[in-house]
Amino acid sequence: MSAPTTTRADHSAMTHREIMEALSGLLLVLFAAMASSTIVSTALPKIIGDLNGSQTQYTWVVTATLLTATATTPIWGKLSDLFSKKLLVQLSIVIFVLGSLIAGFTQNTEQLIAARAFQGIGMGGVQALVQVAIAAMIPPRERGRYNGYLGGVMALATVGGPLLGGLIVDSDWLGWRWCFFIGAPFAVIALIVLQKTLHLPVMRRDNVKIDWLGATLIAAGVSVILVWVSFVDDSFAWVSWETFAMVGAGAVLLALAVWVESRVSEPVVPLPIVRQRTTALAILGSLAVGMAMFGGSVFLGQYFQIGRGYSPTEAGLMMIPMMIGILVSSTIAGQMITKSGKIKPYIVAGTIVLVAGFAGLATLDHDTPLWYVGIAMALVGIGVGMSMQNLVLAVQNTVALKDIGAASSTVAFFRSLGGTIGVSVLGAVLARQVSDSMTEQLTAAGASAGSTSGVSALNLSSLPEAVQHMVRIAYGDATGHIFMISAAVAVIGVVAAVAMKPAMLRSTVDVGTAPEKEPALAAK
């Protein structure tokens, strides 16, 4: 049974061939951006070990990228409603490539964190603008089948990324710096392809104003909270003047951001859209999915290498069950959504499976059977594949084309925010659990907690064999604790999905556009 066809909304509607040509460039740059994160996920234990970094710095290499991507996502989305979407996509690619090259030449963890933060600006633009460009080309009803291509690229990046990262790190003639260099050629090729294939209308408006103040307040407020999460209960106590100062400052900055957004003519995050039921619930769901997507890839890679003793290449191979789950579920769900026009059942099912997967991962320790870990990871992948893209699609179905950029980037913003908070919080919990476990084991062995002689616990090759065994036990057992937190947060996603109002996906690119009697959009 073939999927229902969608008639053109206007004479400028793109044919299936034109859409696929433009998608080729968009999906290529999305692959490069996503792969840059997944490649680093399996290589990061080796990178931080070579740079003699700490667990907190390990977390911040990831958090810095997510933070700047999160902070700039709504800005990119708003700009896309005002200026050329094609030009903005190309600009974000250039920033991403420059950030990748800078990261590859860094000499210490501080420089690496700064370079990854810069790279995140471009990554935020790519992730947001690809969704915006696709929404401007394809009606929501028809978009379900194209989401299968998105899911395929996402799965390829997340399957191939960790494996490629492991191979690069394990190759003496390459080295970990090529984990950052290798994505640049793909992005440059995408830049050239988009120049030839992407043709979108530019909505030029007079008296354009960008809410830089609101964007700055949002970024500052989120940054302060995340810095507090990283250092609380380690550098200072939960109840201390530092806690009150940082949490209070973060809350004030975010409150000011809401106040500014409610009064400016061109808000970065349009509050009327956010207050809509579908958008508000999609935001809640995206927070949970964001934690799954980022937290899973970051800390599972570390679990396999540090907690279980596998090489980066082997760790990449062991991530495959989760990525296959994403690929299969996103492809099948996309096709079924296009046929039925219904989206809520798939989001609800996806979030439930996500909770089940996290609950399974919550029981991990340093000797959990690998078949069990694989099943739990596959469930997480299925949950992500059924819910992540479809939460964005549900919001895009409710807004006009002129607001598609702001609406799409708002959901992407909160998904990235969930990932940023998730990585930061889970990383802080993991660091604390590992520290306590190491102290307990060293004390039991009659050694002092400082007997590692200033060598990072992640630099296993430089530690005595007995201490290496302790580190593996500490990391292996601590990983289950952080996924227990993830499972609890994912329950919020289930509640949000169940509360969403059922709706049929529209068959036009814009709201209220009556389809004309023209040839159907070819699906072949």
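User: How far apart are the end C-alpha atoms of helix 1, and what span should its 35 residues give?
Analyst: This is a predicted model. At 1.5 Å a residue, the 35 residues of helix 1 (residues 16-50) should span 51 Å. The end C-alpha atoms are 49 Å apart, so the two values agree.

User: Where is the kink in helix 1?
Analyst: At Ala43, with an angle of about 60°. The proline Pro45 comes shortly after Ala43.

User: And what follows helix 1?
Analyst: Asn52, with a positive phi near 55°.

User: Is helix 1 mostly covered or mostly open?
Analyst: Mostly covered. Of its 35 residues, 26 are buried.

User: Switching to the surface. Which residues form the nonpolar patch?
Analyst: Ile324, Leu327, Val328, Ile332 and Met336. Together they have about 410 Å² of accessible area.

User: Where does Ile332 lie?
Analyst: In helix 13, which covers residues 320-340.

User: Why is Ile332 called partly exposed?
Analyst: Because its relative accessible area is 47%. Buried would need under 20%, and exposed over 50%.

Key: Residues numbered from 1 in each chain as written. Predicted model: local features only at pLDDT ≥ 70, side-chain atom pairs only at ≥ 80, totals over all residues. Heavy atoms only, no water. Patch = residues over 30% accessible without salt bridge, like charges linked within 9 Å, V, L, I, M, F, W, Y side chains within 5 Å. Areas by Shrake-Rupley, 256 points an atom, 1.4 Å probe, with all protein chains shown as cover. Salt bridge = Lys/Arg side-chain N within 4 Å of Asp/Glu carboxyl O. Helix = DSSP H or I, 4+ residues; strand = E, 2+ residues; numbered from the N terminus. Buried < 20%, exposed > 50% of the residue type's maximum accessible area, 1.4 Å probe, protein only. Expected span 1.5 Å × (residues − 1). Bend = angle between axes of the 7 residues up to and from the residue.
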